[in-house]
Amino acid sequence: MIQLYIPLNFLGVIYREIKQSLTDLDKMFVLMDKQREVADAPGAQPLTGLDHPTVRFENVHFAYDASRNAEGVANGRPILQGVSFEIPAGKTVAVVGPSGSGKSTLARLLYRFYDIQQGRITIAGQELREVTQASVRQAIGIVPQDTVLFNDTVAYNIAYGRTGASQAEVEAAARSARIHDFIAATPTGYATMVGERGLKLSGGEKQRVAIARTLLKDPPILIFDEATSALDSANERAIQSELQSAAQNKTTLLIAHRLSTVVEAHEILVMDAGRIIERGTHAELLAQRGRYASMWALQQSDGAA
Ligand code: ATP
């Protein structure tokens, strides 16, 4: 029996090792996919002064394909053309505008998925290109349009970004993001595997996991990119208030389709074809009777605002 046990046990160890490395590979690909565009500058230092950071975009120009032709002209279509704005420490700036106008690109650039071709993006006065990527990503919590989950447990997916969080903290974040009851109702609860080989989650459920992850991470800067777009309206209203309280005193970039979510913002930027065409508070923009005012009127009459 012992002769059999040893090889079988050995096989078990190898199986676990292979399984673990596959999971790690999955993570690596997810991360590589996002990181291959940028690299730390030699001697880059971590961001500092993150208690209440101000975020600034100064005359930012960006094209996804930054390669240049023989004449030195960038090949890529310009996506952002001279975008400047500031999110004062602890305030929320909202971005609205038609599909393809460059809203999500702002979020990707702040998270430094890509480097810009012209201009500056700073956090607490430090230019993104000059600090470590790891410290930028540590400082920012992002709830993207499409959340990528790891092939791991629900608990792991929520705790990702704040390693060492206790089970009670994970559950508290899940409750705030309205996903606790769903998780608790599965046979293995927080130990349930999610992703390709596990429990398949809907767009809204994935988004709630991402919201829980961000609430738990509790970073000084938040990016909500259509954060509640995949949710039904009952969940949306409930989570909206959680997000608003999470954003209290955080420097927040809020990208939204539904104008009702931006009314309270410190400033609203209206984007069109890579430029800011209007800016101001909700009241100021309504008074301007421009693009924002007509978007507002349209959403009111649709009952969607
Ligand atoms: P939506 O409201 O539909 O999410 P958006 O305003 O957020 O749109 P972006 O996602 O910022 O728009 O895209 C702006 C432009 O950049 C679009 O024309 C889009 O096709 C282009 N684009 C986005 N991602 C890439 C990419 N990875 N490579 C090349 N072009 C891209």
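I began with the make-up of the shell around the ligand, whose residues divide into two nonpolar, seven polar and one charged, where Ala, Val, Leu, Ile, Met, Phe, Trp, Tyr, Cys and Pro count as nonpolar, Asp, Glu, Lys and Arg as charged, and the others, Gly among them, as polar. I note that this is a predicted model, in which local features need pLDDT of at least 70 and side-chain atom pairs count only at pLDDT 80 or more, while totals for chains, interfaces and linings use all residues. Residues are numbered from 1 along each chain as its sequence is written.

I listed the residues around the ligand as Y64, I79, G97, S99, G100, S101, G102, K103, S104 and T105, taking as near any residue whose C-beta atom, placed from the backbone, lies within 6 Å of the molecule. Helix 2 (residues 103-110) supplies the largest share of this shell, three residues; helices (H or I, at least four residues) and strands (E, at least two) are DSSP runs, numbered from the N terminus.

For the chain as a whole I recorded 10 helices and 10 strands, with 33% of the 305 residues buried (20 or more other C-beta atoms within 10 Å of the residue's own; exposed means 12 or fewer, partly exposed in between, with C-beta atoms placed from the backbone).

I then turned to I223, which is found in strand 7 (residues 221-225). I223 counts as buried because it has 24 C-beta neighbours inside 10 Å. Leaving aside neighbours within four places in sequence, I found I223 in contact (C-beta atoms, placed from the backbone, within 7 Å) with A107, L110, Y111, I140, I142 and L253.

In helix 5 (residues 167-176) I found V170, A173, A174 and S176 buried. They lie on the same side of helix 5 because they cover an arc of only 160 degrees around the axis, the arc being that of the directions from the helix axis to the C-beta atoms. On the other side of helix 5, Q167 and A168 are exposed, and R178, which follows the helix, has a positive phi near 60 degrees.

Last, I looked up strand pairing, which requires that DSSP find at least two bridges between two strands. Strand 1 (residues 55-63) and strand 4 (residues 118-123) run antiparallel and are joined by five bridges, with F57 standing opposite I121 in strand 4. Strand 4 is also joined to strand 5 (residues 126-127) by two bridges, again antiparallel, and there T122 stands opposite E127. Their hairpin has two residues between the strands, and A124 takes a positive phi near 50 degrees in it.

Methods:
Contact = placed C-beta atoms within 7 Å.
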